[in-house]
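Here is a friendly walk through some of the words used for a protein model.

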Amino acid sequence: MIKQRSSLEQLPLYVPGKKMPHAIKLSANENPYPPLDSVLETVREAAPGFHLYPDMGAVDLIARIAQRLEVRPEEISVGAGSIEVLGQIINASADEGDEVIFAWRSFEAYPILTQVAGAKPVMIPLTADERHDLPAMAAAVTDRTRVILLCTPNNPTGTSLSTEEIEGFLASVPSDVLVVIDEAYVHFNTDENAASGIDFFRRYDNVAVLHTFSKAYGLAGLRVGYAVAPERIAANLRRVAMPFAVNTLAQVAAIASLDAEPELQKRVDTLVGERARVTAELRSMGWSIPEPYGNFVWLRVETARIPEVDAALLEKGVVTRAYPSDGVRVTIGSPEMNDTFLEAIRAVTPE
């Protein structure tokens, strides 16, 4: 038998959001709207050149991100979505047996990427109100801790961390531990007390920030994300990055999306308005919903009832993300998609 790493067969597989023919897909936190005309035209113009390798350094894209965030290009590493950049962070930071701390439940890729790197995931349960338990996370730090992941807004619960909370947390953890603020859903975060990852990056030497073009910018199918990190850390991320991971079309689309932010913001505002409407409707039906700050809402469901809720929605042609032991995450779609979901969920009795 061909030898493989003994630990691989114990790894969980990443489970993408389900899709079903002719169904309303609310399972993947995608932007429901098609590409902007200006972005699509830029991609069309670049398409004849995709027989050539992309710019491996993504120089133009990195320069544009640096300009947008007022950081230095040397402090940025890009990758095929923020998930690939997160893999860079863990691979560059953790040796075999080192520890990566994160809240749970949070982004499904966290424990997978940690174990792929040979590190140990340290999963700290959320509080009763679906939020990061920052004191417990700080107490879990050991001399083997290399990375702490803070997901805000948290996927899948939608809760947001405040400036005060992260300030206190950073004061309580060693300065040689890298704290990564994962802001994949930052554009949807309307919490007036929300922490700004870039602000913390500017003030702390052990903070990195993750952003993606998959959500608000609607480039999920092109795969591009980035980290802003201290220069030495960013350089190491580029050392472990997959060469040519961000293709030419993704690079030009990301630049065009940054140029089109005012137009994209209108779509974000629409989705935030729909989020408020969906949340209000669910609460009126008796569902207890944590205040959502991403482009999704979270239904905490008793484990035994999760298949029942999932099946009832599928029967009505609505695909959501059912987590086997925690609950159901529902992406905010267009008004018509949301109407279909709300009609379907009426047939389900809240706990």
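Q: What does buried mean here?
A: Buried means under 20% relative accessible area, exposed means over 50%, and partly exposed is in between, with a 1.4 Å probe and protein chains only. This is a predicted model, where local features need pLDDT of at least 70 and side-chain atom pairs count only at pLDDT 80 or more, while totals for chains, interfaces and linings use all residues. Residues are numbered from 1 along each chain as its sequence is written, and side-chain values use heavy atoms, with hydrogens and water left out.

Q: Why is His 132 called buried?
A: Its relative accessible area is 5%, and the cut-off for buried is under 20%, so His 132 counts as buried. You will find His 132 in the loop between β4 (120-125) and α5 (134-139); helices (H or I, at least four residues) and strands (E, at least two) are DSSP runs, numbered from the N terminus.

Q: Which residues does His 132 touch, not counting residues up to four places away in sequence?
A: Among them are Ala 103, Met 137, Leu 149, Cys 151 and Leu 161. Contact here means heavy atoms within 4.5 Å.

Q: Is Glu 70 buried or exposed?
A: Glu 70 has a relative accessible area of 65%, and exposed needs over 50%, so Glu 70 is exposed. Glu 70 sits in the loop between α2 (59-69) and β2 (76-79).

Q: What makes Glu 130 buried?
A: The relative accessible area of Glu 130 is 6%. Since buried means under 20%, Glu 130 belongs in that class.

Q: Why is α3 called oblique to α4?
A: The axes of α3 (residues 82-93) and α4 (residues 109-116) come within 9 Å and cross at roughly 40 degrees. Axes are lines fitted to C-alpha atoms, for helices over the stretch in contact, and angles run from 0 to 180 degrees between N-to-C directions. Angles under 35 degrees count as roughly parallel, over 145 as roughly antiparallel, 65 to 115 as roughly perpendicular and the rest as oblique. That makes α3 oblique to α4.

Q: Which residues of α3 make the contact with α4?
A: Ile 83, Leu 86, Gly 87 and Ile 90 of α3 do, meeting Ala 109, Tyr 110, Leu 113 and Thr 114 of α4.
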